[in-house]
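Q: Hi! Could you walk me through this one while I have it open on my screen?
A: Happy to, let's take it topic by topic.

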2 protein chains.
Amino acid sequence: MHIKRLITAAVLIPPIYFYITKLPPVYFSVLIAVLALAGLWEYLSMYKVEPVMLWSTMVLGAMILVSSVLAGMPSFEIFAFVFLGLAVLRLFIYGPENALRDLSAPVIGLIYIPGLVSYQMLLREAGAGWIIFLFGTVWIADSAAFYVGSTLGRHKLYPAVSPKKTVEGGIGSVLGGTGAAIGIKFLFSLPLSLGQTAVVGLVLGITAILGDLVESMFKRNAGVKDSSHIIPGHGGILDKLDGSLFSAPILYWLLIVFGANA
Amino acid sequence: MHIKRLITAAVLIPPIYFYITKLPPVYFSVLIAVLALAGLWEYLSMYKVEPVMLWSTMVLGAMILVSSVLAGMPSFEIFAFVFLGLAVLRLFIYGPENALRDLSAPVIGLIYIPGLVSYQMLLREAGAGWIIFLFGTVWIADSAAFYVGSTLGRHKLYPAVSPKKTVEGGIGSVLGGTGAAIGIKFLFSLPLSLGQTAVVGLVLGITAILGDLVESMFKRNAGVKDSSHIIPGHGGILDKLDGSLFSAPILYWLLIVFGANA
């Protein structure tokens, strides 16, 4: 598991790095849109959404993603249309029992995955460095949480949702996130002061855990462990995206607060 | 019941009519925002949302409505924030069981009510006549459905969701909506051709039923009959808003398609 994780990471990271930094922003947008569709599929399958609703939701998800690739962020109008369309579809294919549940996995899934992923497209537009910053900080925070937690972890963080997470791992995530943010800031000469970078890194160290816990909450609620097993040793696409999905809007908003170029 | 309906309508309609048409658009926006908050409260109470989530959702609903009053339509960013905020709140106040259900009544409620109501504010900005057109068409379609259905109704429309609705009532709704649309178009000299008006009236006659059926689906799913009993003989606020909530975005989009001034 451990070695498989490292090898997979070592093989996948360099080509992804060059793809993100050397090609125009739209290449990243298309890649992340495809991953978001795969993640949406995992999310809907996890909740065993019925085929007609599942496929309709995938089509709506693709519409949202295309609009984000073209226009930067989906408008609320698409979500109004999503709600109206899925509510009427739901009305005609099944009776009133579980109406809210059958609507909610699609609607929440569309906000959670295609919706939030649009922030990553905006960050890439602002500069490839912000994407490296986002994923680097979140993944190093995750890894720090994993290694600190598994060596020093004594106190459980939230066993009902994620039995292996510890308070020590959480502290590792925050420190690892802060360190990673500062390192990446200097490597890519990002326009943040040292103090601002430390604040952003600390916040992303926290949101990386929160994003993970929220995904665990959904998985436990749906009764599954990994969202799928597509990446050897790393679980599903959604398991890899969860921290960045949650952290991208936070990073985007913090950059606006700090007046950096986002 | 029947007489109470007519008397309540006769007392309430004239002051509302002058309020909508004689005062600047922001007065309508504030009125409909207050009604939307009341409707949101009914919706959340119907689903027995826990107090912390309920109050947080009301605060978020108020934020969405203030932003709509000021800016015309909420941005997707507010819904991204709503999702992130409520997901983290949900994570910390209860365990993973029913996570999706506890999140979905608030998130879907916020799209359904404060979100969709922003289209009514946009229509009022375009002209008070469109609000009269919207409510006049939907309510006359509703009344035609009720009177045609209760006198001529033989064939049930969708008994599992709404046991009293009939196919004959549905035809009444479509014909009533078309007639009402044409009448209101001439009374208010609205910039649509006769053919366009007939199409819009027909579509609103259909969406009035759909909006009603979707609200019935939610009510049956939650196990209640009326959303509340605040308006004598008319049920709750949400029962009065359901058709217009659903029809406002459709009217807005049709006016764009027809190049009318919306």
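Q: At what angle do helix 1 and helix 6 of chain A pack?
A: In this predicted model, helix 1 (residues 2-22) and helix 6 (residues 128-152) of chain A pack at about 170°, and their axes are 11 Å apart. Axes here are lines fitted to C-alpha atoms, for helices over the stretch in contact, and angles run from 0 to 180 degrees between N-to-C directions. Helices are DSSP runs of H or I with at least four residues, strands are E runs of at least two, and both are numbered from the N terminus.

Q: Is that pair roughly parallel or antiparallel?
A: Helix 1 and helix 6 of chain A are therefore roughly antiparallel. The cut-offs are under 35 degrees for roughly parallel, over 145 for roughly antiparallel, 65 to 115 for roughly perpendicular, and oblique for the rest.

Q: Which residues make the contact?
A: From helix 1 of chain A they are A:His2, A:Leu6, A:Tyr17, A:Ile20 and A:Thr21, and from helix 6 of chain A they are A:Ala128, A:Ile131, A:Ile132 and A:Tyr147. Contact means heavy atoms within 4.5 Å.

Q: And how many of those are nonpolar, polar or charged?
A: Seven are nonpolar, two are polar and none is charged. In this scheme Ala, Val, Leu, Ile, Met, Phe, Trp, Tyr, Cys and Pro count as nonpolar, Asp, Glu, Lys and Arg as charged, and the others, Gly among them, as polar.

Q: New topic: is A:Ser173 buried or exposed?
A: A:Ser173 is buried, because its relative accessible area is 0%. Buried means under 20% relative accessible area, exposed over 50%, and partly exposed in between (1.4 Å probe, protein chains only). A:Ser173 sits in helix 7 (residues 167-187) of chain A.

Q: What does A:Ser173 touch?
A: Leaving out residues up to four places away in sequence, A:Ser173 touches A:Ala141, A:Ala144, A:Ala145, A:Gly205, A:Ala208 and A:Ile209.

Q: How far apart are A:Ser173 and A:Ser247?
A: They are 74 residues apart in sequence and 13 Å apart in space, C-alpha to C-alpha.

Q: What about A:Thr197, buried or exposed?
A: A:Thr197 is buried, with a relative accessible area of 0%. It belongs to helix 8 (residues 194-222) of chain A. Its contacts, again without residues up to four places away in sequence, are A:Phe133, A:Ala181, A:Ile182, A:Lys185 and A:Leu192.

Q: I'm curious about the loops. Where is A:Lys48?
A: A:Lys48 is in the loop between helix 2 (25-46) and helix 3 (51-71) of chain A. At 62% relative accessibility, A:Lys48 counts as exposed. Its phi is positive, about 50°, although A:Lys48 is not a glycine. Most residues other than glycine have a negative phi.

Q: And what is the phi of A:Ser189?
A: Phi of A:Ser189 is near 45°, a positive value in a residue other than glycine. A:Ser189 lies in the loop between helix 7 and helix 8 of chain A.

Q: How do strand 1 and strand 2 of chain A run?
A: Strand 1 (residues 156-158) and strand 2 (residues 162-166) of chain A run antiparallel, joined by two bridges. Strands pair if DSSP finds at least two bridges between them. The two form a hairpin with three residues between them, and A:Lys156 stands opposite A:Thr166.

Q: Last one: what are the model's scores?
A: The model scores ipTM 0.85 and pTM 0.87. Chain A averages a pLDDT of 88, with 94% of the residues at 70 or above; pLDDT is the predictor's confidence in each residue, from 0 to 100.

Terms used: Residues numbered from 1 in each chain as written. Chains lettered and ligands numbered in written order. Predicted model: local features only at pLDDT ≥ 70, side-chain atom pairs only at ≥ 80, totals over all residues. Heavy atoms only, no water.
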